[in-house]
Amino acid sequence: MSVSKSSGGNYLEDFSAGQVLDHATPRTVTAGDVALYTALYGTRFALQSSEIFAQSCGLHQAPLDDWLVFHIVFGKTVPDISLNAVANLGYADGRFGVPVYAGDTLRAVSEVIGIKENSNGKTGVVYVRTRGLNQNNQEVLSYARWVMVRKRDEASVIAAAPPPALADHVAPESIASRSVPDFLNFDFGLSGEAHRWGDYEVGEKIDHMDGMTVEEAEHQLATRLYQNTARVHFNQFAESKGRFGKRLIYGGHVISLARSLSFNGLANAVKVVALNGGRHVAPLFSGDTVFAWSEVLAKAEIAGRDDAGLLRLRMIATKDLPCADFPQPDHADGVILDLDMWVAMPR
């Protein structure tokens, strides 16, 4: 009898608490990846766009966009964690570490930190902590996420392992000062806006105004860029028989679209330093137009730094719904993303 050499991915039964997954295919990132990312989202943040601007902020060259780093690390995990996923449910306790530059090689490793079976007996939720590392074994990213995964056999019994309690946000005092560039020589003319950290108030809401319509080929190209192999994004033959009848757009694509749109009003929020939490509220499909708005949830100083401060932002993305009225998740049809993050800004 021949044994298949192909892998169908892991099902709920294949996970166990404490299991460590060393994900395949390290990725050397290049200037080509950066150019393609810019072409996909039109990101305009000066720190990631200009070598000269980055050098004025104490970096030796322009770093990769923080969300490009996230997507590449996330993509490494998909074949082992979410190939048989029903949905990616949420994120918590994310921290961006040392900058990533073109020429760096990234890899990912995950630990299973919790498992629970759903009451329907068909699926369950797997909780993992993923770390992205560069060629020097330095951490570029760490985050927790939980994903709903199908069972291989509905009759199988799953050993429950409650996940650890996850804080609702990253404590600002735990964010290392070294993760924030030097903003002493920050050029507000070149950055695109004059607004500093002190110009924002807690409770302030910002409509980013612009919208981007998602094209079919565009979102598939983006997901391939991250080597994300999730079937729900690519296989129309299979998805035509599924719940929606068509391919879903990768949730990270929405994050990058909203982040790019947020330039209008937050152009100087050039560095994402932490991901407090987030969830994909509803699916996005080709032909939908994405809009976004942000709310300032908190402000924090950085110990020993008078050139930079932290803003805690809640970024909401919608589909086919302009955001002048600041639509809220669970209260407005069309909200697709609810993301909570810390960003660094010049003072």
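Colleague: Which residues of α6 are buried?

Modeller: Happy to look with you. This is a predicted model, where local features need pLDDT of at least 70, side-chain atom pairs count only at pLDDT 80 or more, and totals for chains, interfaces and linings use all residues. Residues are numbered from 1 along each chain as its sequence is written, and side-chain values use heavy atoms, leaving out hydrogens and water. Taking buried as under 20% relative accessible area, with a 1.4 Å probe and protein chains only, the buried residues of α6 are H219, Q220, A222, T223 and L225.

Colleague: Good start! What covers the buried residues of α6?

Modeller: Helices (H or I, at least four residues) and strands (E, at least two) are DSSP runs numbered from the N terminus, and contact means heavy atoms within 4.5 Å. On that basis, the cover includes β2 (27–28), α1, α4 and α8 (251–261).

Colleague: At what angle do α1 and α6 pack?

Modeller: Axes are lines fitted to C-alpha atoms over the stretch in contact, and angles run from 0 to 180 degrees between N-to-C directions. The axes of α1 (residues 31–41) and α6 (residues 216–225) lie 11 Å apart. Because angles over 145 degrees count as roughly antiparallel, α1 is roughly antiparallel to α6. The packing angle is about 150 degrees.

Notes:
Angles under 35 degrees count as roughly parallel, over 145 as roughly antiparallel, 65 to 115 as roughly perpendicular and the rest as oblique. Buried means under 20% relative accessible area, exposed over 50%, partly exposed in between (1.4 Å probe, protein chains only).
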